[in-house]
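Student: Could you show me how to read helix packing and buried positions in a model such as this one?

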Amino acid sequence: MKGDGIGVDVTDATLAIVDAAKNKVGGFSLDYQFIQAGAAYYQQTGQDIEEGGEQVAGEADAIFLGAIGLPSVRYPDGTEISPHLRLRDRFQLYAGVRPVRAFPNGPKRLSDTRANDIDMVILRESTEGLFYTAAVHNRCPVESDHEVQDVMSITRDTTEKLHDFAFKLAEKRKHRGKKGVVTCVDKANVFKSMAFFRKIFDERHANYSHTEVNYNYVDAQALDFIRRPWDFDVLVTENIFGDILSDLAGGLVGGMGMAACGEIGDNHGLFQPAHGSAPDIMGQDKANPLAAILSGALMLDYLADKSANTQLADAALLIESAVYDCFSDNTIRPMEFGGDMGTKAVTDTLLERISR
């Protein structure tokens, strides 16, 4: 689903890079099916996704989304067009994976040189929490012109799977030379739902007792992202906390143009850049495609796990390494960071690097 605004631009860039990595590595093929969805489609048809689109997405091995939303197009209740929230709920994509990594020659938002070592993953629960009401309309327990209430929902089944995902992710990262430490981020000192979230974290940790754990209240975590973000590895948190913290963390390493995202459930995975549709620069060759391209690498890594085809993982690593190497030798300089390279130039440079 290319979606709206720069979603079209960055999706085209991602598919070009993914195909180049596929051709270089070999050993697998990809079959694309395109689905119309988004605010522009809603404006034209009154539907936010084409007829049968959700079923087609559910039958796919993975879903890729460019970006959705236009500021001037809203549902009758005033909220933004958001079929992707419904997909999260329908396919129970509970594990929102948000990698945050500093790249050489990228923007330095913190003066401390240790900020060069930022390399962490924020794991955001993506189906419930304070987004429970937003995922599906008509879930508000009170909705009138005098008062509106949203629901914070934390369920045992989903939270157990989320924490297990966090511990397994930490094990995988430790195997790759990372810290392998899981930090539980909550507000357990105030909310019963968050105390429940932490209780389940401790219960699941018993099955991964060799994994080091830490705890942080969400407000303290926001502060620590400024004071010492290089100390963190895997952070697991509730939906809206993860939504906010991942944007803050993304800003530390450049901006939302670097913010890749995977949303993974037991049977489905959806991959998208975490930035918006930026319709003001659509089609102007100004968008930074790297968040989408790195989301494409996440998708390949997911498909590798799902299919047990290691060549998909090799292709994912090839893309990630190409991005890192091009930053290292300063051959990609996105306009988003004050550079001189638009969407096409960044994409072409990565294509050349991958080819050799």
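Predicted model: local features only at pLDDT ≥ 70, side-chain atom pairs only at ≥ 80, totals over all residues.

Student: How are two packed helices described?

Tutor: Two packed helices are described by the angle between their axes together with the distance between those axes. Take helix α1, residues 6-25, and helix α11, residues 310-328, whose axes come within 9 Å and cross at roughly 125°. That angle makes α1 oblique to α11, and the crossing of the two is right-handed.

Student: Which residues of α1 and α11 meet?

Tutor: On the α1 side they are Ile17, Val18, Ala21, Lys24 and Val25, and on the α11 side Gln311, Asp314, Ala315, Leu318 and Ile319. Sorted by class, this contact of α1 with α11 has seven nonpolar, one polar and two charged residues.

Student: At what angle do the axes of α1 and α12 cross?

Tutor: The axes of α1 and helix α12, which covers residues 343-355, cross at roughly 5° and come within 10 Å. Angles under 35 degrees count as roughly parallel, and α1 and α12 are therefore roughly parallel to each other. In this pair, Asp9, Ala13, Ala16, Ile17, Ala20, Ala21 and Lys24 of α1 meet Thr343, Thr347, Leu350, Leu351, Ile354 and Ser355 of α12. The contact of α1 with α12 has, by class, eight nonpolar, three polar and two charged residues.

Student: And how does α1 lie against α10, oblique or parallel?

Tutor: The axes of α1 and helix α10, residues 290-307, come within 8 Å and cross at roughly 50°, and the two helices are therefore oblique to each other. Their crossing is right-handed. Here Val10, Ala13, Thr14, Ile17 and Val18 in α1 meet Ala292, Ile293, Gly296 and Leu300 in α10, and the residues of this contact divide into seven nonpolar, two polar and no charged.

Student: How far does α6 reach from its first C-alpha to its last?

Tutor: Helix α6, residues 156-175, has 20 residues and reaches 29 Å, close to the 28 Å expected at 1.5 Å a residue. Just after α6, glycine 177 takes a positive phi of about 95°.

Student: What do the buried residues of α6 pack against?

Tutor: The buried residues of α6 include Leu162, Ala166, Phe167 and Leu169, and also Glu160, Asp164 and Arg173. As a group, the buried residues of α6 pack against the strands β2 (95-101), β3 (119-125), β6 (182-186), β7 (213-217) and β8 (234-237), and against helix α7 (192-205).

Student: Is arginine 124 buried or exposed?

Tutor: Arginine 124 has its place in strand β3 and is buried, with a relative accessible area of 2%. Setting aside residues up to four places away in sequence, arginine 124 touches several others, among them Arg88, Arg98, Phe131, Leu162, Glu238 and Asp243. Leu162 in that list is also one of the buried residues of α6. The C-alpha atoms of arginine 124 and leucine 93, which are 31 residues apart along the chain, are separated by 10 Å.

Student: Where does alanine 322 lie, and what does it touch?

Tutor: Alanine 322 lies in helix α11 and, at 4% relative accessibility, counts as buried. Not counting residues up to four places away in sequence, alanine 322 touches Leu350, Arg353 and Ile354. The C-alpha atoms of alanine 322 and isoleucine 354 are separated by 6.3 Å, although the two residues are 32 residues apart along the chain.

Student: Which loop holds alanine 308, and which holds alanine 278?

Tutor: Alanine 308 is found in the loop between α10 and α11; its phi is near 60°, a positive value in a residue other than glycine, and it is exposed, with a relative accessible area of 67%. Alanine 278 lies in the loop between β10 (269-271) and α10, has a positive phi near 40°, and at 25% relative accessibility counts as partly exposed.

Terms used
Residues numbered from 1 in each chain as written. Heavy atoms only, no water. Axes fitted to C-alpha atoms, helices over the stretch in contact; angles between N-to-C directions. Helix = DSSP H or I, 4+ residues; strand = E, 2+ residues; numbered from the N terminus. Parallel < 35°, antiparallel > 145°, perpendicular 65-115°, else oblique. Left-handed = near helix turned anticlockwise from the far one by under 90°. Contact = heavy atoms within 4.5 Å. Nonpolar A, V, L, I, M, F, W, Y, C, P; charged D, E, K, R; others polar. Expected span 1.5 Å × (residues − 1). Buried < 20%, exposed > 50% of the residue type's maximum accessible area, 1.4 Å probe, protein only.
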